Amino acid sequence: LVIANRRVPESEEIAKYYMASRTIPENHLLLTSLTDKEIMDREEYENKLRKPLLKKLTQLQDEKIYAIVLIYGVPLKVRPPALNWTDEELLQQLQEEQQKLLKKTDGQTNDSARLKELREQLKHVLGTNKRAAVDSELALAKAAEYPLSGWIENPYFLGFQNKKTLLSIDDVMLVSRLDGPSPEIVYRIIDDAAAT
């Protein structure tokens, strides 16, 4: 399945060029409207990329799609989930406490145990460990649920083949990307691979 971004005009053109060079059926193209920036919000990822992808995979279920190719113009990263009001309140409280401690110690004992603890709590609330690459998230798009923090064992990895992992091979898609600094370079990548 090939995914292109309607908001980046070259994205659809490159996708069609690639599909023609690899004789990929036209119905294996998913066009979606995403931000033209490198980073997308988690909500945008879920609603404008993951859900349309799952719908397309259902439409093509008889064709057994195992791999996704992302085309120039599809964002690279996904932000952490937006904070709910409870998390926003907790964040404000933690930040206020951190500022008070820093003022109280005149910034001299930044390595105190409570400051370290506050930094970890802030990191958890902000979800900085829940950022992701679009490619990695799409590899898990078929999985019903999985933790957003940290990494997940890849069932394709040889070291995990005889072990029970959170996800099975059927839950994981292979994801690749045709991208580069300019559309011309992406066309060259396609042509060079075909020539080779």
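User: Hello! What is the relative accessible area of Tyr-187, and how do I read it?

Analyst: Buried means under 20% relative accessible area, exposed over 50%, and partly exposed in between (1.4 Å probe, protein chains only). Tyr-187 has 24%, so Tyr-187 is partly exposed. This is a predicted model, where local features need pLDDT of at least 70 and side-chain atom pairs count only at pLDDT 80 or more, while totals for chains, interfaces and linings use all residues. Residues are numbered from 1 along each chain as its sequence is written, and side-chain values use heavy atoms, leaving out hydrogens and water.

User: What does the pLDDT average in the protein?

Analyst: pLDDT is the predictor's confidence in each residue, from 0 to 100. The average here is 84, and 78% of the residues score at least 70. Confidence is highest in strand 1 (residues 2–5), at 98, and lowest in helix 4 (residues 113–126), at a mean of 73. Helices (H or I, at least four residues) and strands (E, at least two) are DSSP runs, numbered from the N terminus.

User: How many aromatic pairs are there in the whole structure?

Analyst: Rings of Phe, Tyr and Trp (its six-membered ring) pair if their centres lie within 6.5 Å; planes under 30 degrees apart count as stacked, over 60 as edge-to-face and the rest as tilted. A search of the whole structure gives one pair. The ring centres of Tyr-17 and Tyr-187 are 5.0 Å apart with planes at 85°, so this pair is edge-to-face. It links distant parts of the chain, with Tyr-17 in helix 1 (residues 9–21) and Tyr-187 in helix 6 (residues 183–195), 170 residues apart. Tyr-17 is partly exposed too, at 35% relative accessibility.

User: Which residues of helix 1 are buried?

Analyst: They are Ser-11, Ile-14, Ala-15, Tyr-18 and Met-19. The buried residues of helix 1 pack against strand 1, strand 2, strand 4 (67–71), strand 7 (174–178) and helix 6.

User: What does Thr-32 touch beyond its neighbours within four places in sequence?

Analyst: Contact means heavy atoms within 4.5 Å. Thr-32 lies in strand 2 (residues 29–32) and is buried, at 7%. Leaving aside those neighbours, Thr-32 is in contact with Ile-3, Ala-4, Asn-5, Arg-6, Lys-48, Leu-49 and Pro-52.
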